[in-house]
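Open the model in your viewer and keep the selection tool at hand. The stops below go from aromatic rings to the ligand.

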Amino acid sequence: MAAATKKIKVAKASKPVKPAVLQAPKGMHDILPEDAWYWERVEQAVKDTAAFYGFDRIETPMLESVDLFVRGVGEATDIVEKEMYVLKTRGGDHLALRPEMTAPVMRAYIEHGLSRVSQPLQVYYFGPAFRHENPQAGRYREFYQMGFESVGGESDPVYDAEVIVAGARFLESLKLKNLAIQLNSIGCKTCRPNYRKKLQEFYKKEINAAKKTKVVCRDCERRLETNPLRLLDCKSEICANLKAQAPSILDNLCFSCRQHLKGVLEYLDEVGLPYSLNPYLVRGLDYYSRTVFEIFSDQSDLALMGGGRYDYLGEALSGKLIPAVGVAAGIERIIEVIKTNNLLPPKKSAEKIFVIHVGDLAKKKSFALIEQFRKENIKTAAALGKDSLQAQLKAADKEGSPFAIIIGQKEVYEESVIVRDMKTGGQETVPLKMIVETLKEKMRK
Ligand code: HAM
């Protein structure tokens, strides 16, 4: 019986290891219930403005082929070069989390042959976008964008003006005040290459003349070859002096781009929307031509909205020129302004009847009664997890309920309920079969 005498080894209970606290990925955030209301208000404002200006909803996938953004947004842009979240599927496809929605909208327009419907196609969207940026105030790695896009038809300045006006009206509907619209034209395939060359020549001459003194930052040294227009919106102090002396694109537009810009400004004047021309505004996406703009509010230093005309995006994706213009806004930035400036009245929740139980049997009956009330469209709250009468009355108070329905053992047997007026404390017994009627009457008053 050696086995019986053998000591059975009992594993020593190891100290429980405290699991590491998990957090949302850097630059990404949860939308908590206390904030969800702002998001609903903003999304509703997007829908209302879209309906008013005739934009229909479009949804595109969160993931798209990397190629869409490389060809659409531009290989030499920060977004594509440094900020895209890219993955390779098991099947070997290279996909990117969308960093923006304009290229996806154009992809969908081409893929589904949407040029067959009445033009321009006017669509809006509201959803998350992803950019691997350095997180800071107003700049996140996951953020929501809303946008209006007007795709197809003619390259008519009236459509540029229309998306600018719709964008501004959307912000105004959320009580954002003193909007500043900055606008520029970055020309077309005819005039931009000449301007680009002129700009490069200007900078090269100045850099050579300065010899060893640094007159442009390192980023701009690189951009001078790849994307010289971006030198105009460099924020570095080193670049400020030369930037101020650089030739202006507005003096170098071809006749039709000048006419186009004039047209946009005249339409904006017609509706009395103020703007200022900013010849340094070039925007960080390669697909733009002619109109580019950004909208600020005096309550924030960051652009709330940005957009422009992108007639060549369709060509880069399909070989066919597709005139288009649009605008997009960052929802987090808008909500930050709304919250810090108390622009919207606080949430007013609908008044609810509060159902209180005393005892197990009453708890079951309460559960059924709540369901009956909700079917009858009577907004109802309860604290079914709490059994003390005191605790439930406190919860009813906190909820701001005008009436509480109390059910105890006696009421269950008598098929009645107590209706308590939470303001006066007055109580009355009402037969169960009359309660829906009675409550509707009381709520009406
Ligand atoms: P965008 O200027 O890159 O343009 O972005 C539009 C808006 O999205 C910005 O004005 C800003 O409010 C918000 N935004 C951008 N990046 C971030 C970020 N990292 N964190 C928080 N908010 C951000 C576009 O995306 C173009 N697709 C706009 C457009 C539409 N052009 C024509 N149609």
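Is F202 buried or exposed? F202 is buried, with a relative accessible area of 15%; buried means under 20% and exposed over 50%, with partly exposed in between (1.4 Å probe, protein chains only).

This is a predicted model, in which local features need pLDDT of at least 70, side-chain atom pairs count only at pLDDT 80 or more, and totals for chains, interfaces and linings use all residues. Residues are numbered from 1 along each chain as its sequence is written, and side-chain values use heavy atoms, leaving out hydrogens and water.

Next, select Y287 and Y288, which are both buried. Their ring centres are 4.8 Å apart and their planes at 70°, so the pair is edge-to-face. Rings of Phe, Tyr and Trp (its six-membered ring) pair if their centres lie within 6.5 Å; planes under 30 degrees apart count as stacked, over 60 as edge-to-face and the rest as tilted.

Keep Y288 and show the ligand. A polar side-chain atom of Y288 lies 2.6 Å from a nitrogen atom of the ligand. Select E133 as well: one of its polar side-chain atoms is 2.7 Å from a ligand nitrogen atom. At A303, look at the backbone, where an N or O atom lies 3.1 Å from an oxygen atom of the ligand. The protein covers 96% of the 650 Å² of accessible area that the ligand has on its own (Shrake-Rupley method, 1.4 Å probe).

Notes: Polar contact = N/O pair within 3.5 Å; in protein donor to acceptor, adjacent residues only side chain to side chain.
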